[in-house]
Amino acid sequence: MIRLELTLTNLQPKQKARILRLEGGFGFQKNVRSRGILEGKIVEVIARQPVGGPIVISMDKRNTAIGRGMASRIIVAVE
Amino acid sequence: MDIQKVKTILLMGNPNVGKSVVFSRLTGANVIASNYPGSTIEFTKGLMRIEGSKKELIDVPGTYSLEPTNTAEEVAVKMLDEGDLIINVIDSTNLERNLYLTLELLQRNTPVVVALNMWDEAKHNGITINPDELEKILGVPVVPIVALTGEGIKTLLSRLKETHTPTDVSQSDAEKWIHIGEIIKKVQTIEHRHHTIWEKISDATVKPTTGLPIGLAVILLTFSFIRFIGEGLIGYVLEPLFDMYTPVVMEISRAIGPGILHDIIIGRLIDGNIDYVESMGLLTTGFFVPFGMVLPYILAFYFGLSILEDTGYLPRLSVLADTIFHKFGLHGCGIVSVFLSLGCNVPGALSTRILETRKQRFISATLLAISIPCMAQIAMIFGILGSYGMEYVLMVFIALIATYVLSGLLLNRYIAGESPELFLDIPPYRRPYGKALLKKTWMRVRIFLTEAIPFVFLGVLFINILYAVGIIDTLGTFFSPVISGIWGLPKEAAAALLIGFLRKDMAIGMLLPLGMNPFQLVIAATVLTIYFPCVATFAVLVRELGIQDLFKSVLLMIAAALIVGGVMRLILLGF
């Protein structure tokens, strides 16, 4: 069975997902992890700003805004 | 360790962990802030007392790790070498993320003490942390505190001496995250709680449908608040004070008698009386413009800005503004620079350091230098145009906003380089701490008092000398093709443009005696904002951009002044 992988950008507000992988170079991974975005974490999308604006996610009761380009490199599975 | 040997203590932690509140608590009144505080970059220094000896305490800019991603974090890392002891402030409601920096700090060879701040908030959110267990694992003192109320601060101070230089443990990144996972499992339990009302409000202020109207309302409210306080202070405090001051100055005026000395100290009498705006003497205009017209608004503005900062609203505004600012090659954090610049362009220009790339810093700095008037200037624009009607004030602002937007779109297109995306933590809403608010407001107002007032005096002196030797006339004639030909202003406006290099608020005041109609005043006020930054901002831009980029930036300013002024002349005055 072929399953398309989802990224953070595919999620709609109120959807929850588990982070599977970070796709990017060393710098990107380090930068993202230092804000607590780690494999295995559950994230919920709070808001999507219009016209390609950032996505606001909630993790451990804490909100973070992340640009779509970066969000598209965070692979998730819907919970 | 021997606490007597410690000279400098660093306060370090992630952004938004309440470091500055801890700082206010520890330093009391003796803050000797050397640089511009509040705008995350410049650090604040203070003195604190431990067991009878004085120590220097440095509030280091917040950082997530010791591998910096922007110049602000670079500053933080560089400052590591200056400290003999580190107080690592941790947000207890967010232990897991904060521990990464802690583990990194423990790999350096400076002793660390961990302060678990916002202990009450964590309890409230159903988070229980076992500080003794954490202490055992980390091997350094761990003290729960509530900086807002002062709880635990004494214990923190008394336990500083229990720490020691950490024994070197080298861990890779992945090992650190595994280690953190294990620590969290051992020391923290989270009980599920329902969404609090503040969390609901927090969500509503970042959702575009509700957040944008709320954002507009907050901005409007903030500026109405500034106007209300500013006008109140002028009407009830400063005008009565200056009414008492007038007879004193008149007495001095009579004592000096007519002559050049009178022109410099008192200025020209208008119908035998002092006119505080038009007289142009050191004791009249030189005094009245900074204290009687500008200071009330500066006070109100910085108080309002500090509230927006300390409640945690600004990051939400950055998120909402991100889409628009992206079109200018910036990201949402650019709006923070705009806000700071509305107070004074100097901290505005400094705050561009939180942007990641050279392209972003260039665009942000150039745009603010071109089209953001500082509060001193805004106060004067209201002062001279307000009496003709608010529509004229509005015209100036519409012209400046249009200039910002159009220049932003153009610069994003033609300046090479990258524009990274927004990646921003949104802290929960917090009750601001009164003492920290007042301290921050005062430090910012003090900068205005110490830096602006000498320039105003210098400006008044300068303009009197230039008038006396006839240079203004010569300059006016030389530049009249631009001033009169393009902008439709009297050539005497050259004097205001010249003084604008020193102080823009003074320059706007100088437009009044020229007998212009309100439309000409609108054009002149707009051109004065755009054509060149004041000397203080210019000095910061030299440092931040470098000579080459600044040269480009200045060319853009002059071009913008010519174009915008010319277009406004065509619209408002015709040919």
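A cavity here is a set of points, on a 1 Å grid over the protein atoms alone, where a 1.4 Å probe fits but cannot get out, whereas a pocket is an open set with protein on both sides within 12 Å along at least five of seven lines; lining residues have an atom within 4 Å of a point. This is a predicted model, in which local features need pLDDT of at least 70 and side-chain atom pairs count only at pLDDT 80 or more, while totals for chains, interfaces and linings use all residues. Residues are numbered from 1 along each chain, and chains are lettered from A in the order in which they are written.

Select A:R62, B:P15, B:N16, B:N94 and B:D425, which of the 13 lining residues lie nearest the centre of the largest cavity. Its volume is about 80 Å³, a volume being the space filled by probe spheres set on the grid points. Strand β5 (62–66) of chain A and strand β9 (423–426) of chain B each give two or more residues to the lining, strands being DSSP runs of E of at least two residues and helices runs of H or I of at least four.

Next, colour chain B by its domain assignment, automatic or from a database, into domain 1 (3–190) and domain 2 (208–421 + 431–572); their C-alpha centres lie 39 Å apart.

Now select B:I219, B:F223, B:L342, B:F397 and B:I401, which lie nearest the centre of the second largest pocket among its 35 lining residues. This pocket has a volume of about 1,300 Å³, and its lining divides into 31 nonpolar residues, 3 polar and 1 charged (Ala, Val, Leu, Ile, Met, Phe, Trp, Tyr, Cys and Pro count as nonpolar, Asp, Glu, Lys and Arg as charged, and the others, Gly among them, as polar).

Finally, show helices α11 (285–311) and α18 (434–469) of chain B, whose axes come within 9 Å and cross at roughly 150 degrees. The two helices are therefore roughly antiparallel to each other, a term for angles over 145 degrees.

Methods
Side-chain values use heavy atoms; hydrogens and water are left out. Axes are lines fitted to C-alpha atoms, for helices over the stretch in contact, and angles run from 0 to 180 degrees between N-to-C directions. Angles under 35 degrees count as roughly parallel, over 145 as roughly antiparallel, 65 to 115 as roughly perpendicular and the rest as oblique.
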